[in-house]
Amino acid sequence: MTVHRFLSLGAGVQSTTIALMMAHGEIEPCDAAIFADTGCEPTPVYEHLRWLMSDNVLPFPVHVVSAGNLVDEMLRSAEGLTRSWGRPPVFVRTKKSVRTGRGGKVTRQCTGDYKIDPIRAKVREMLGVRKGRRVPKDVLVEQVIGISWDEQRRAKPSFHSWIENEHPLIDRRMTRGDCLEWLKRKDYPTPPRSACTICPMRKNAEWRWLKDNDPTGWSQAVEVDRAIRNGMRGIKAEAVYLHRSLTPLDELDLTNNDDRMGNLFMEECQGMCGL
Ligand code: SF4
């Protein structure tokens with residue numbers, strides 16, 4: 001059996017910790033790490049990724065793959081030019097929501113289309129297995145995923161017989177806080193939270209962080225939020241918003257904490273969003 005080992009790198013706290021623990025020999029190293037770029041990560045995430053990819057930080061290559069730009073797709077679908085295939089879980093005002101006073105949420109496609117699929121395609125490419133061809137029975141891929149102990153319900157087995165998902169942080173009972181402590185002990189910079197600028201699965205505190213730390217990313221989110229207001233092709237709704245309260249982003253009171261709201265860390269996600 002030939003075993004290959006790849007790290008799904010989100011460039012957030014958890015996957016960065018795994019990559020650096022591999023570099024220190026504390027976790028079995030991988031053949032390569034793969035970062036799936038949605039084209040709309042916050043600037044601090046791209047800066048952190050560049051640092052991870054710089055000389056002498058990691059002893060293995062980091063491959064950046066992309067299925068395109070998620071923001072471009074959203075803007076095109078807002079103009080009616082394409083269906084919103086890879087849509088994020090945006091919030092919608094429908095006739096029913098007007099009656100109940102609560103917005104609905106569309107099913108998320110972006111994690112699969114923009115994170116999981118491009119990473120899997122890159123793995124197949126590195127194995128030399130063309131699209132549509134079967135992976136040989138004597139090949140196994142260990143897919144290392146940065147889900148921490150405190151978020152273990154996000155961990156899922158692989159759907160593919162040739163891929164085994166590995167969760168070294170869960171195996172070591174390391175929480176996100178433990179990861180931050182490990183990074184601090186080793187004198188590494190604190191990684192930003194990796195999530196698209198336009199990701200609707202945010203608490204107000206996280207929108208505030210974006211506004212304060214990445215004005216360009218915040219402006220992009222405000223622009224997209226405005227552009228999708230009258231709908232996106234393929235989504236049945238009277239109006240579409242990035243914020244659960246169905247309030248335009250630039251009119252939000254971000255001093256209001258909304259701790260009951262789900263975010264990336266409360267929602268199930270098999271990609272590397274937020275990690
Ligand atoms: S961070 Fe949010 S918008 Fe981006 S791919 Fe993940 S779920 Fe989708």
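**Alanine 221**

I started with alanine 221, which counts as buried because it has 27 C-beta neighbours inside 10 Å. For burial I used these cut-offs: buried means 20 or more other C-beta atoms within 10 Å of a residue's own, exposed means 12 or fewer, and partly exposed is in between, with C-beta atoms placed from the backbone. A note for my own bookkeeping: this is a predicted model, where local features need pLDDT of at least 70, side-chain atom pairs count only at pLDDT 80 or more, and totals for chains, interfaces and linings use all residues. Residues are numbered from 1 along each chain as its sequence is written.

Alanine 221 sits in helix H9; helices (H or I, at least four residues) and strands (E, at least two) are DSSP runs, numbered from the N terminus. I then looked up its partners beyond four places in sequence and found Thr197, Ile198, Leu210, Leu242 and Leu249 in contact with alanine 221. Contact here means C-beta atoms, placed from the backbone, within 7 Å.

**H9 against H3**

Staying with H9 (residues 215-227), I checked helix H3 (residues 70-78): the two axes come within 9 Å and cross at roughly 25 degrees. Axes are lines fitted to C-alpha atoms, for helices over the stretch in contact, and angles run from 0 to 180 degrees between N-to-C directions. H3 and H9 are therefore roughly parallel to each other. The classes are: under 35 degrees roughly parallel, over 145 roughly antiparallel, 65 to 115 roughly perpendicular, and the rest oblique. The crossing of H3 and H9 is left-handed, that is, the near helix is turned anticlockwise from the far one by less than a right angle (clockwise would be right-handed). On the H3 side I listed Val71, Met74, Leu75 and Ala78, and on the H9 side Gln220, Val224 and Ala227. By class, the contact of H3 with H9 has six nonpolar, one polar and no charged residues. My classes are Ala, Val, Leu, Ile, Met, Phe, Trp, Tyr, Cys and Pro as nonpolar, Asp, Glu, Lys and Arg as charged, and the others, Gly among them, as polar.

**H1 and its cover**

Next came H1 (residues 13-23), where 10 of the 11 residues are buried. Its cover includes strands E1 (2-8), E2 (32-36) and E6 (139-144), along with helices H2 (43-53), H6 (168-171) and H7 (176-185). The crossing of H1 and H7 is left-handed. Val13, Gln14 and Thr17 of H1 meet Arg176, Cys179, Leu180, Trp182 and Leu183 of H7. I sorted this contact into five nonpolar, two polar and one charged residues. After H1 comes glycine 25, with a positive phi near 75 degrees.

**Positive phi without glycine**

Which way does phi go at asparagine 56? The angle is positive, about 65 degrees, although the residue is not a glycine. Asparagine 56 lies in the loop between H2 and strand E3 (62-65), and counts as exposed because it has 6 C-beta neighbours inside 10 Å. Leucine 246, also not a glycine, has a positive phi of about 55 degrees. I found leucine 246 in the segment after strand E8 (239-241).

Methods:
Two residues are in contact if their C-beta atoms, placed from the backbone, lie within 7 Å.
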